[in-house]
Amino acid sequence: MAPSYSNRTLLALLVAFAVIAPSLPPLAAARDGGASKDAAAPASSEAAAHPMGLFDNIINGIIHFRLPDLPLPAILPCPPAFPIKIPFIPCRNETPSQPPVAECRSSLAKYMAPCAGFLTGDGTGASSSPSKNCCKAIDPFYQDDSTTPLCLCHVVNGDVGKILPAPVNRTQAKAFLPQCHFELPPEQVSKICGDKTIKIPPMDVASPPPTWRHH
């Protein structure tokens, strides 16, 4: 007896299910598959990030690695004084240059007060030699960036009397630096202070010329 049409259909369905059944996921895996994928996704992406992070670390290490300079004298200034830093060539750091001293009155008034008695004296008694504090007043003219040793020329030529309580004794003024054991001999000091080619800052800043208005 030949199988009926319905039996043949059922048999075909059973054969098809037997063929595809091994490829179907288990019921529990199918039910929890979405959550399992979501939970596994961060771990998968995190694992994938490790090779890139290692690569980034290597690149950053190469970029920031700096070979030492050669043992050469530092002749060129460092940036920004020089446009670039040349590899392997040492450079020297330069401090910004100070603006030129515009006047000497303020520094002389600040430092020369201990010398007033000697500079205005008659060379006898207490004014026969400068005091230790007076001689120490020379040092700031070399240490203070707001002034210059050339301002001491105003002591030698007597201009410092403009800020002292009495006129300067020119003989005392010329003896000031030698008696304080200044490093230059008096003749050299006089030559420097009298040299017109040396730009000695004035006692006071020159007043600007008046402006004339045309009516």
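## Working through the predicted model

Leu67, Leu70, Leu72 and Phe88 make up a nonpolar surface patch with about 350 Å² of accessible area together. Patch members have over 30% relative accessible area and no salt bridge, and nonpolar side chains (Val, Leu, Ile, Met, Phe, Trp, Tyr) are joined within 5 Å. A salt bridge here is a side-chain nitrogen of Lys or Arg within 4 Å of a carboxyl oxygen of Asp or Glu. Areas come from the Shrake-Rupley method with a 1.4 Å probe, counting only the protein chains shown as cover for residues.

This is a predicted model, so local features need pLDDT of at least 70 and side-chain atom pairs pLDDT 80 or more, while totals for chains, interfaces and linings use all residues. Residues are numbered from 1 along each chain as its sequence is written, and side-chain values use heavy atoms, leaving out hydrogens and water.

**Exercise 1. Find Phe88 and Lys85, then work out what Lys85 holds on to.**

Step 1: Phe88 sits in the loop between β1 (76-77) and β2 (91-92); strands are DSSP runs of E with at least two residues, helices runs of H or I with at least four, numbered from the N terminus. Lys85 is in the loop between β1 and β2 too.

Step 2: Phe88 has a relative accessible area of 38%, so it's partly exposed; buried means under 20%, exposed over 50%, partly exposed in between (1.4 Å probe, protein chains only). Lys85 is partly exposed at 31%.

Step 3: Look for partners. The Lys85 side chain makes a polar contact with the side chain of Asp69 at 3.2 Å. (That's a pair of N or O atoms within 3.5 Å; within protein, one must be able to donate a hydrogen and the other to accept it, and residues adjacent in sequence count only if both atoms are side-chain atoms.) A polar atom of the Lys85 side chain also lies 2.7 Å from the backbone oxygen of Ile89.

**Exercise 2. Track down the aromatic pairs.**

Step 1: Searching the whole structure gives two aromatic pairs. Rings of Phe, Tyr and Trp (its six-membered ring) pair if their centres lie within 6.5 Å; planes under 30 degrees apart are stacked, over 60 edge-to-face, the rest tilted.

Step 2: Tyr111 and Phe141 are edge-to-face, 5.7 Å centre to centre with 70° between the planes. They link helix α3 (residues 105-111) to helix α6 (residues 140-143), 30 residues apart. Both Tyr111 and Phe141 are buried.

Step 3: Tyr142 and Phe182 have ring centres 6.4 Å apart and planes at 45°, so that pair is tilted. Tyr142 is partly exposed at 43%, but Phe182 is buried at 16%.

Notes: Patch = residues over 30% accessible without salt bridge, like charges linked within 9 Å, V, L, I, M, F, W, Y side chains within 5 Å.
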